Amino acid sequence: MTKIYIPLDMAAVAMGADRLAAAVAEEAARRGQQVEIVRNGSRGMLWLEPLIEVETPAGRVGYGPAKTKDVASLFDAGFLAGGAHPLNIGVVDEHPWMKRQNRFTFVRCGIIDPLSVPEYEAHNGFKGLKRAFEIGSAAVVEEVAKSGLRGRGGAGFPTGIKWKTVADCAPGQKYVVVNADEGDSGTFADRMIMEGDPLALIEGMTICGYAIGGSKGYVYLRSEYPVVAKVFQAAIEKAREAGWLGKNIKGSGFDFDVELRIGAGAYVCGEETSLLESLEGKRGIVRAKPPLPAHVGLFGKPTVVNNVLSMATIPMIMEKGAQHYADLGIGRSRGTMPLQIAGNVKYGGLFEIDFGIPLGEVINDIAGGTRTGRPVKAAQVGGPLGAYVPQSLFHLPFGYEEFAATDSLIGHGGIVVFDDAIDMSWMARFGMEFCAIESCGKCTPCRIGSTRGVETIDKIRNGQDVDKNIELLKDLCHTMKFGSLCALGGFAPYPVESALRHFPEDFRKSALEAAE
Amino acid sequence: MAGAAPYSDERAREIIAAHMGLEGPALPILHALQAEFGCVPESAVKEMAGALNISRAEMHGVVTFYHDFHSAPQGRHHLKICRAESCQSMGAEKQANEFLARHKLDWGQTTPDGSLTVEPVYCLGLCAHSPSALYDGEPIGLVDAETLDSLVEEAKGK
């Protein structure tokens with residue numbers, strides 16, 4: 001029986017993985033070949049999706065991107081034994097893209113059957129939780145703090161401090177909430193880990209619950225991710241059946257359960273306090289802080305709110321020890337960052353590496369430059385609220401402080417590349433328009449500022465009092481940045497200001513055209 | 001969506017009751033109602049307000065806050081086209097505008113025969129395969145004009 005892997009990852013499905021899996025099964029049956037098709041997560045080499053992997057004595061040999069029309073020729077070429085074929089990329093682990101990475105959070109993603117508890121355990125799964133039970137909850141909090149892990153959702157707040165704050169609250173109902181509302185353009189790491197290694201997230205949440213003294217966890221998932229919802233719900237049930245969730249987990253005396261909740265298409269619900277309001281069944285309107293969710297969170301109880309990646313990294317930190325993680329990275333950016341390489345690139349995908357890699361190396365080397373073949377003009381790093389970074393800053397090493405020093409941010413690690421065909425005044429306008437559409441409406445700078453921002457950029461683009469309106473726009477950005485209640489209004493100026501700063505000519509084009 | 005059941009207060013009450021054991025049940029109920037009836041009609045909002053013991057105005061506020069919920073039935077099929085930055089880097093905005101113009105539609109509108117509703121979406125997490133779209137929950141990467149047009153035809157047929 002030959003084992004074949006075909007990803008169930010949404011990006012692979014979007015490129016025909018479901019149809020491919022059906023075609024492979026059919027062709028194998030027709031030829032009387034015994035095969036077992038495992039639907040795994042993605043390896044992250046998304047330009048090769050759907051990527052078929054075949055288990056051979058030499059290792060897992062990859063074929064991609066494979067279409068249903070290639071299936072017959074793959075069988076003819078003896079791909080079940082790793083045979084030569086134009087789509088053959090060799091042993092996947094030996095591929096240069098894979099070898100350059102330091103897979104930590106994504107160590108199992110694409111390797112195992114995401115819904116097999118035994119396979120998860122065979123690949124060191126639940127070792128972190130077992131160790132947590134051994135060392136006790138206070139030591140777990142300390143371990144997380146010592147690792148230097150910062151929230152991977154974008155804000156970069158130290159995870160250990162957050163956990164300690166909740167752990168120190170008086171005993172009683174406490175909650176673990178995972179923010180899986182990954183709404184930023186150019187980000188898909190949360191989606192990939194939840195599709196490819198969902199048990200890691202479940203294990204991370206359980207460790208967190210144990211550390212803080214909470215028995216209930218919620219995952220708030222955006223509705224745009226239908227494949228995740230299916231896979232993750234199934235993973236919860238598998239974990240429960242195997243005794244890794246529920247009452248008295250593996251005889252530890254600790255009870256913990258996880259519930260999946262689906263959002264309803266509101267970007268602002270990715271902001272932690274809006275997310276809590278939404279979970280409670282209200283409008284997703286931000287709360288003023290303080291009180292922090294760590295003190296007064298879900299249903300008024302102390303709550304840890306962590307991003308998917310932060311939580312899914314916890315089991316590995318517990319397994320390998322805090323020091324192992326703390327030793328990676330640069331400055332105060334410890335560990336690894338799963339970079340999401342997207343937009344106009346040749347080789348898009350998920351690339352996990354220690355903090356500190358220069359942005360330009362990622363874009364020009366790893367991503368192979370633009371798919372259109374035109375020169376790179378800019379990269380938007382950290383989602384729709386992130387700054388546009390020009391070529392002149394491509395030497396920047398990936399790190400929270402390093403990016404902040406140039407008024408940029410790394411956010412969730414998403415990198416969207418643009419070629420020179422892009423008009424930055426249009427992208428700035430789009431940034432403001434997006435904020436206007438998605439604003440929850442609670443605070444004036446965001447609600448009204450974003451709409452006025454669109455109008456002002458329109459005037460600039462029409463060549464109307466350009467200098468005066470650029471000044472006005474800068475002033476408006478300043479007000480939004482410092483006057484908004486949450487990051488939606490507060491960060492919306494980043495793309496606008498960076499576009500103005502680095503690409504001023506794009507805002508004067510229409511004025512020049514109008515003058516001619 | 002295809003196969004939506006006609007609305008009845010009785011069925012709405014059953015759906016609501018089935019979720020009342022949850023903490024903060026409003027969103028799960030709304031998703032279940034919309035899955036059943038294809039939308040969340042005003043009568044269902046009234047039923048929910050009663051069950052959750054909040055005012056109708058407050059319940060109305062919740063339903064209308066979220067892009068996903070609709071008060072009236074939409075087209076039998078749904079096409080969501082991504083217009084976020086990553087897709088824009090590969091020309092999605094121009095492609096979408098031309099598509100809408102070809103079919104005389106605007107964002108959020110349904111074709112005159114009621115077969116297809118076209119909505120914008122801001123990221124599907126398929127950013128390495130920009131531009132992308134979602135048709136009745138099925139993701140599509142590297143979407144082009146031909147694919148978009150074929151979906152309009154496909155929706156018509158069913």
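Which residue of strand 13 of chain A does Ile341(A) stand opposite? Ile341(A) faces Gly349(A) there. The model is a predicted one, in which local features need pLDDT of at least 70, side-chain atom pairs count only at pLDDT 80 or more, and totals for chains, interfaces and linings use all residues. Residues are numbered from 1 along each chain as its sequence is written, chains are lettered from A and ligands numbered from 1 in the order in which they are written, and side-chain values use heavy atoms, with hydrogens and water left out.

**Strand 12 of chain A**

- Helices (H or I, at least four residues) and strands (E, at least two) are DSSP runs, numbered from the N terminus.
- Strand 16 (residues 414-419) of chain A pairs with strand 12 of chain A in the parallel sense over 4 bridges.
- In strand 16 of chain A, Ile415(A) is the residue opposite Ile341(A).

**Nonpolar cores**

- A nonpolar core is a set of buried Ala, Val, Leu, Ile, Met, Phe, Trp, Tyr and Cys residues joined through side-chain atoms within 4.5 Å.
- The largest core has 149 residues, and those with the most contacts inside it are Trp163(A), Met194(A), Val219(A), Phe232(A) and Tyr66(B).
- Helix 10 (residues 198-212) of chain A gives the largest share of this core, 10 residues.
- A second, separate core has 32 residues, including Met337(A), Phe355(A), Leu393(A) and Tyr400(A).
- Not counting residues up to four places away in sequence, Tyr66(B) touches residues that include Tyr220(A), Cys269(A), Lys282(A), Arg283(A) and Leu27(B); contact means heavy atoms within 4.5 Å.

**Interface between chains A and B**

- Contacts link 40 residues of chain B with 67 residues of chain A.
- The two chains bury about 3900 Å² between them, with 59% of it on carbon and sulfur atoms; buried area is the accessible area (1.4 Å probe) that two parts lose on being put together, summed over both.
- On the chain B side, Glu23(B), Phe65(B) and Glu85(B) lose the most area to chain A, together 18% of what that side buries.
- There are 2 salt bridges between chain B and chain A, a salt bridge being a side-chain nitrogen of Lys or Arg within 4 Å of a carboxyl oxygen of Asp or Glu.
- Glu138(B) forms a salt bridge with Arg19(A), with the closest N and O atoms 3.8 Å apart.
- Between chain B and chain A, 28 residue pairs are in polar contact (both at pLDDT 80 or more); a polar contact is a pair of N or O atoms within 3.5 Å, where within protein one must be able to donate a hydrogen and the other to accept it, and residues adjacent in sequence count only if both atoms are side-chain atoms.
- Helix 2 (26-37), helix 4 (56-65), helix 5 (85-88) and strand 4 (138-140) of chain B are the elements that give two or more residues to the side touching chain A.

- Ser310(A) is in helix 13 (residues 308-320) of chain A and counts as buried because its relative accessibility is 1%.
- Apart from neighbours within four places in sequence, Ser310(A) is in contact with Leu149(A), Gly151(A), Arg152(A) and Gly153(A).
- Arg83(B) lies in the loop between strand 1 (77-82) and helix 5 of chain B and, at 6% relative accessibility, is buried.
- The side chain of Arg83(B) makes a polar contact with that of Tyr122(B) at 3.1 Å.
- With neighbours within four places in sequence left aside, Arg83(B) is in contact with residues of both chains, among them Phe430(A), Glu433(A), Glu93(B) and Trp107(B).

**Backbone geometry**

- Most residues other than glycine have a negative phi, and most peptide bonds are trans.
- A cis peptide bond with omega about -5° joins Lys289(A) and Pro290(A), and Pro290(A) is in the loop between helix 12 (272-279) and strand 9 (303-307) of chain A.
- Ser130(B) and Pro131(B) are also joined by a cis peptide bond, with omega about -5°.
- Phe299(A) has a positive phi near 50° and is partly exposed at 30% relative accessibility.
- Leu142(B), not a glycine, has a positive phi of about 45° and is partly exposed, with a relative accessible area of 39%.

Key
Buried means under 20% relative accessible area, exposed over 50%, partly exposed in between (1.4 Å probe, protein chains only). Two strands pair if DSSP finds at least two bridges between them.
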